[in-house]
Amino acid sequence: DFPVGKISEDLYWKFKVILAANKILMIPDCLYYYRGRAQSIMNSTFSWKRFDELEGRYYRANEISKMIPDLKTLAYSDFLSESMLFYTKIKINFKGDQKEKAIKKVEDYVEKMRLKLFEIIIEKRI
């Protein structure tokens, strides 16, 4: 699934392509060039649009935990570490009501993930 209108759209599908591969090889040739632009969303000031990335990481963590339960802890940890970065970016870039709403949005995601971490503890995976 390729989500329309979202940034960081590769978070929604790239892991599925990798998991579906029968074999993955590494070659020394550079066949992919990333073209960075000063005006790109990744180089712009942190904004509400960047929450697409947090949503994508949440989606990826949940999907990976279902597809490969042994990677559940790693997938959830990746999401939670990104959430901590979001808190920092929110504190620097947002003010007043916008800051409160943004923190609440991150906290809602983290609360959902916290329940999943209890699953891991119960399964004695950590």
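Let's start with arginine 60, which touches Leu11, Phe15 and Asp78, not counting residues up to four places away in sequence; contact here means heavy atoms within 4.5 Å. Arginine 60 sits in helix α2, where helices (H or I, at least four residues) and strands (E, at least two) are DSSP runs, numbered from the N terminus. Its side chain is joined to that of aspartate 78 by a polar contact of 2.6 Å. By polar contact I mean a pair of N or O atoms within 3.5 Å; within protein, one must be able to donate a hydrogen and the other to accept it, and residues adjacent in sequence count only if both atoms are side-chain atoms.

A quick word on what we are looking at. This is a predicted model, in which local features need pLDDT of at least 70 and side-chain atom pairs count only at pLDDT 80 or more, while totals for chains, interfaces and linings use all residues. Residues are numbered from 1 along each chain as its sequence is written, and side-chain values use heavy atoms, with hydrogens and water left out.

Stepping back to the whole chain, there are four helices and zero strands, so to speak an α-α-α-α order from the N terminus on. Of its 126 residues, 29% count as buried, with buried meaning under 20% relative accessible area, exposed over 50%, and partly exposed in between (1.4 Å probe, protein chains only). Take the contacts between residues at least 6 apart in sequence: 68% of them join residues at least 24 apart.

Now, how do α2 and α3 pack? Helix α2 covers residues 51–67, and α3 covers residues 72–93. The angle between them is about 165 degrees, and their axes are 8 Å apart. Because of that angle, α2 is roughly antiparallel to α3: under 35 degrees counts as roughly parallel, over 145 as roughly antiparallel, 65 to 115 as roughly perpendicular and the rest as oblique. The axes are lines fitted to C-alpha atoms, for helices over the stretch in contact, and angles run from 0 to 180 degrees between N-to-C directions.

Who meets whom? Among the residues in this contact are Leu54, Arg57 and Ile64 from α2, and Phe79, Glu82 and Phe86 from α3. The contact residues divide into 10 nonpolar, three polar and six charged. For those classes, Ala, Val, Leu, Ile, Met, Phe, Trp, Tyr, Cys and Pro count as nonpolar, Asp, Glu, Lys and Arg as charged, and the others, Gly among them, as polar.

Apart from neighbours within four places in sequence, glutamate 82 contacts Glu53, Leu54 and Arg57.

Back in α2, we find glutamate 63, which is also a residue that counts as buried, at 18% relative accessibility. Its side chain makes a polar contact of 3.1 Å with the side chain of lysine 66. Beyond four places in sequence, glutamate 63 is in contact with Phe15 and Lys16. Glutamate 63 and lysine 16 are 47 residues apart along the chain, with 8.9 Å between their C-alpha atoms.

Last stop, leucine 19 in helix α1. Leucine 19 is partly exposed, at 35% relative accessibility, and touches Met67 and Ile68, again leaving out residues up to four places away in sequence.
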